[in-house]
Amino acid sequence: MTAIADIRRSINPEIERLNALIKESLDSSNKLMNQVISSYLEHKGKQLRPILVMLTAKLFDDVNDSVVTAAAAVEMLHNASLIHDDVVDDSKTRHGNATINAVWDNHIAVLVGDFFVSNALQLAIRTNDLRVIDTIASLGKLLSLGEMDQIYNARFHELDEEAYFTIISHKTASLFVSCVSVGAYCVGVDDDRLKRMQRFAELFGLCFQIRDDIFDYYSDEKIGKPTGNDLREGKITLPLLYALANGDPAKRDAMIELSRKESLSENDITELIEYAKDNGGIKYAKETMQRLRDEAAEILATFPTSETTESLLAMLDYIITREK
């Protein structure tokens, strides 16, 4: 059993309440909408984000109805972003399952994504906490900005580590920060303890995205995207950024020029991936991830040791060692 499976089992009643609420909230009078959503919900994934909401609440108190409602709101907004991303990227599969736009079309996928967004906001309102509502609304803005930053950098070839971390902070880490924020708000915590957990969540999210980016340098169908897919979309991630800045000087200029091409061939992609691997890019990305992980673990150590802090640490270790 994985750490995530063990954690899910420890909060299984809360997870069941979450999924029942999501299903109930997404029910509509439109048969096509219900059909598309019913099929989509068959593949729930690991639900790391709502689990993080619940564990944050348990760290300070317990999982009440508002916590479950806020967790559902975060999960819906997350899923909306995935549905919309699949349209933007013209993705046909996600983690081995056909995307909504692949089964139906972009028009339906966009409408379903919008429906998820609206339901996320309605659930946030049901918590009767303006801080939760503000967090969910602000999250939508950050996710959009993260995608726009990524598009801008791909289009105008902004190649540096600072820009990379700004993007992944917006597009990935912001979601995990929102998770701990709403989890804490729903049990009445809004002080230095929350600030510490927000930093933990930011580090958690950065590690999550770096690990995700490393996958793109290796071929593995179970990950759900082909090797080099980021490069095909013009996205330069941490392993290649490091190699372009610190790699073999004899080839560096040629590799930088190659990475700036408007359209990369399969041979171009292979060459860039191998350059990143041969010049320490993967090693550097893993070391960076480990450094961020250690800082996050130190933050957890400032709280009294409990089953919840152990679960949070186990989640952190899982996301930096996961294979998909």
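Three helices, α5 (65–89), α8 (130–156) and α11 (229–232), each supply at least two residues to the lining of the second largest pocket in this predicted model. The largest share of that lining comes from α8, which gives six residues. Sorted by class, the lining of the second largest pocket has eight charged, seven nonpolar and six polar residues.

The rest of this report turns to the chain as a whole. The protein chain has 16 helices and two strands. Its radius of gyration is 20 Å, close to the 20 Å that the globule rule gives for 324 residues, so the chain is as compact as a globular protein of that length. Contacts between residues 24 or more positions apart make up 75% of the contacts in the protein chain with a separation of 6 or more.

Further values for the protein chain are set out below.

| Property of the protein chain | Value |
|---|---|
| Span of the C-alpha trace along its principal axes | about 60 × 50 × 35 Å |
| Residues that count as buried | 51% of 324 residues |
| Accessible surface | about 15,200 Å² |
| Part of the accessible surface that belongs to carbon and sulfur atoms | 50% |

A residue counts as buried when its relative accessible area is under 20%, and 51% of the residues of the protein chain fall in that class.

Terms used: Residues numbered from 1 in each chain as written. Predicted model: local features only at pLDDT ≥ 70, side-chain atom pairs only at ≥ 80, totals over all residues. Heavy atoms only, no water. Helix = DSSP H or I, 4+ residues; strand = E, 2+ residues; numbered from the N terminus. Nonpolar A, V, L, I, M, F, W, Y, C, P; charged D, E, K, R; others polar. Rg over C-alpha atoms; globule rule 2.2 N^0.38 Å. Buried < 20%, exposed > 50% of the residue type's maximum accessible area, 1.4 Å probe, protein only. Contact = heavy atoms within 4.5 Å. Areas by Shrake-Rupley, 256 points an atom, 1.4 Å probe, with all protein chains shown as cover.
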